[in-house]
Amino acid sequence: MPDIVAIAGAGLIGRAWAIVFARAGCPVRLWDASTEALTGAVDLMRGNLEDMAAQGLIEAVDPVANRVTPVSTLAEALDGATWMQECIAEQVEPKAALFIEADRWAEPDAILASSSSAIAASRFTEDLPGRLRCLVVHPVNPPYLVPLVELCPAPWTDAAVLQRARQTMEAVGMVPVTVNKEVEGFVLNRLQGALLTEAMRLVADGVISAEDLDKTVKDGLGLRWSFMGPFETIDLNAPGGVADYCARYGPFYERLQEQQAAHRPYDTALVARIEAERRASLPERGLGDRAVWRDRRLMALLNHKRAATDQHGS
Ligand SMILES: NC(=O)c1ccc[n+]([C@@H]2O[C@H](COP(=O)([O-])OP(=O)(O)OC[C@H]3O[C@@H](n4cnc5c(N)ncnc54)[C@H](O)[C@@H]3O)[C@@H](O)[C@H]2O)c1
């Protein structure tokens, strides 16, 4: 567990990471270039923590919130910290500039992690003297409710740093996976992108409505996916396991690949159609409340998963 955690960027993901580390007992120093973002951050976190306490996911708000200290410079945040989690804008130049500063000010044994969703660590750490200690640690929003985190090293990231990153993530209650090679979108967003692109194609071709497509996932595929992955799914969907499944259905999936291979743009007309369908069932003014609803459903699901794991195993 890190002695102190420095978080750069107090937006959606920076605040969420602060909750993850503080919930695990780590003192957190939160810094942002925008005074406005920093000033409101702890109050916003308190709102999230109150919801978590109401769902029994934490015992009390104050002990967690009080571990987070907003600070006015990056150097102050890094003083004594053994982990930095960068959560600033998703652009190469600002990340590169911040990592130069962080590498200069951080303790010699500190790990420098980026929350980047899609920019590989090699694009903003190559020229750093301390590049061996840098990697992407990509969360899913919000990481205090969705534990999966992708560890995405650059080609030069030290194996010992990767191992410490894995141990640290486990120690703060996350579920780390390692992405062995730098690929655009890492793994989670590549999977999400494959599904989304096919969903767009099916709606564009008039095969299904956006609403029924969503039902296909939430009342179909998604029920299993909340506790097992696609490989375990197919292992159980044929009497002889994966090999049997692939022998029966492999040719069908291979035929589909040919139909799905052609590039299909997310064109304006299609996006407008899906937007219109969504806004008819959820007006734009309701998006914020619905996000709160989503997080409460996630909290209930987490509680259920914990109870079900205790009862049935994982
Ligand atoms: N939002 C998501 O669902 C999600 C999920 C996983 C990863 N991420 C990644 O996390 C990072 C942050 O995303 P977010 O959604 O929290 O964005 P955000 O816009 O909510 O917050 C970014 C914060 O960084 C600050 N900032 C921007 N540039 C800065 C700089 N140069 N120095 C210091 N502070 C700076 C801004 O003031 C802002 O408060 C991005 O790399 C994003 O790709 C986002």
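**A shell, a helix and a strand**

The shell around the ligand is made up of 12 nonpolar, nine polar and two charged residues. Here Ala, Val, Leu, Ile, Met, Phe, Trp, Tyr, Cys and Pro count as nonpolar, Asp, Glu, Lys and Arg as charged, and the others, Gly among them, as polar. This is a predicted model: local features need pLDDT of at least 70, side-chain atom pairs count only at pLDDT 80 or more, and totals for chains, interfaces and linings use all residues. Residues are numbered from 1 along each chain as its sequence is written.

Of the 23 residues around the ligand, G11, I13, A33, S117 and N141 come nearest. A residue is near if its C-beta atom, placed from the backbone, lies within 6 Å of the molecule. Helix α1 (12-23) gives the most, with three residues. Helices (H or I, at least four residues) and strands (E, at least two) are DSSP runs, numbered from the N terminus.

Helix α5, residues 92-105, also supplies at least two residues of the shell. Its buried residues are K95, L98, F99, A102 and D103. They fall within an arc of 135° seen down the axis, so they line one face of α5. The arc is that of the directions from the helix axis to the C-beta atoms. Buried means 20 or more other C-beta atoms within 10 Å of a residue's own, exposed 12 or fewer, and partly exposed in between, with C-beta atoms placed from the backbone. E93 and A97 are exposed on the face turned away.

Strand β1 holds A6. Is A6 buried or exposed? A6 is buried, because 30 other C-beta atoms lie within 10 Å.
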